[in-house]
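Student: Please take a close look at one part of this model for me. I would like the charged side-chain pairs, with the reasoning spelled out.

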Amino acid sequence: MSSFFIKKKVISAAPNKGDLKRRSNADDGKGRSKKFNKRMDEEISSDSENESADPSRKQQENEDDEIEETPQEKKLRLAKLYLEQLREEEDKRAEQESFEADLIAGRLQEDVLEQKGKLQRLIANELIAPDPAEVRLLRGHKLSVTCLVITPDEKYIFSASKDCSIIKWEVEGGKKVHKIAGGRKGTEARHVGHTAHILCMAISSDGKYLASGDMNKLILIWDPVTCKHLYKLKGHRDAVSGLAFRRGTHTLYSASHDRSIKVWSVDENAYVETLFGHQDMITGLDCLSRERCVTAGGRDRTVRVWKIAEESQLVFHGHEGSIDCIQLINEEHMVTGGDDGSISVWTVNKKKPVSTVKQAHGSHGNTGLEQPYWVSSVAALHNSDIVASGASGSHNSSVQLWKCGQGFRGLEPLFSVPMTGFVNSLKFSNSGKFLVAGVGQEHRLGRWWRIKEARNGLYIIPLKRQAQEQEVVQ
């Protein structure tokens, strides 16, 4: 019994194959479970390390998740972007149109003020007297220079003389670009050009036409670029003494010693009409944009404003002698000079000068018998407060610059540029950067006396400024 019990216990203590297999599987499961848990721990720690090491990657993944959208949402988003772009472009366009409108309105207002003669550029106080060494002399004419014009682009100057020639000069280098030679008296039929003293010239505002008038009653039209002769205008019965193109057009006004003013259409090479009124030979003429011109009547001592469309004229009195030169400052004001030695500034609203300077260039002669130096030329920088005058008949002649006072009342001397001879013509460049004086040994309109020491030529006077100009409305 006892042996059997022991055997049984031993047998029961020894595991069978099924138990061993189940135990083995259990052990393997525990081992694999431990390995799996260990591997999972490693993966989790690795992911946490990657997340802490690269936070931007997680942010990018989140953004990628957020960007994901349906086709309808994408269409809606693109439509909103397109509408926003259209709105911005419309705002920019409206802003640009508003700016351009303001600019145009400002220009129109300036044009209106300019037409009314109320826009004035104040630059007189900024001018600096030039160094005498900076004044250039261009020589090429054999006899006295009588008139000159500056091209609108300010690159060239045309000068004419009693030697019947016209010379085209380059402003920058002072070189002679072209010369239209004068002919002798009696060669009019075959000579292309002038055969008598040239008294006046004008150039159109677009630089397309150059006109010149002479003592032979002729007006010749030239191409300023090629200096080729284009037309010949006939009609005056005495010397042509004044020419001016209406600004912005090819309408030409001419004045003559026959006491008449004629209107021409240069484009059509045609005569338009004649105006009468002066009682003596006309010595000067000028015009700007309006359909009107102003003239100086010489010994009849009148200044006249001709309203072409209305077929009327305004008559002004003020000088004590012959009025030899005239120039418009703006559409409402003008400056004149005469052999009484005075300079006068006029407005079209008054019959008398608003300001006059007597003996503007001094006088000469014995005590008690003093005679003023003639004012043979005047010039004005358009729509500004600067005018210039030139004297004649002196070894110590000069070009004098003046400042116009408020409302053009009063003239104050700025500085003078000395030169010898008759200052027969003066012109400002459009920009006001320089002034050109045509000088000769004799007066433009006669041969009363001669200054042998004078040089026939052009003096280019630079006009420098200290600061920017100002504009005021009168």
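**Salt bridges in this model**

Tutor: Start with Glu90, which is partly exposed at 45% relative accessibility. Keep in mind that this is a predicted model. Arg93 is partly exposed too, at 41%. The side chains of Glu90 and Arg93 meet in a salt bridge, with N and O 2.7 Å apart. Why can these two meet? They sit 3 residues apart in helix α4, so about one helical turn separates them. Side chains of opposite charge can pair when their charged atoms come close.

Helix α4 spans residues 71-116 and holds another such pair, Arg87 and Glu84. Their closest N and O atoms are 2.7 Å apart, which makes a salt bridge. Again the spacing is 3 residues, so Arg87 and Glu84 lie about one helical turn from each other. Arg87 has a relative accessible area of 46% and is partly exposed. Glu84 is partly exposed as well, at 36%.

Arg447 bridges to Glu442, and the closest N and O atoms are 3.0 Å apart. Glu442 is buried, at 8% relative accessibility. This pair also belongs to a network of salt bridges: Lys162, Glu442 and Arg447 are linked. How many salt bridges are there by this rule? The count comes to 8.

One contrast remains: the cysteines. A search of the whole structure finds 0 disulfides. A disulfide needs the two sulfur atoms within 2.5 Å. Cys147 is buried, at 5% relative accessibility. Cys293 is in no disulfide either, and the nearest cysteine sulfur, that of Cys287, is 6.6 Å away. Cys293 is buried at 0% relative accessibility.

Note on methods: Residues numbered from 1 in each chain as written. Predicted model: local features only at pLDDT ≥ 70, side-chain atom pairs only at ≥ 80, totals over all residues. Heavy atoms only, no water. Salt bridge = Lys/Arg side-chain N within 4 Å of Asp/Glu carboxyl O. Helix = DSSP H or I, 4+ residues; strand = E, 2+ residues; numbered from the N terminus. Buried < 20%, exposed > 50% of the residue type's maximum accessible area, 1.4 Å probe, protein only.
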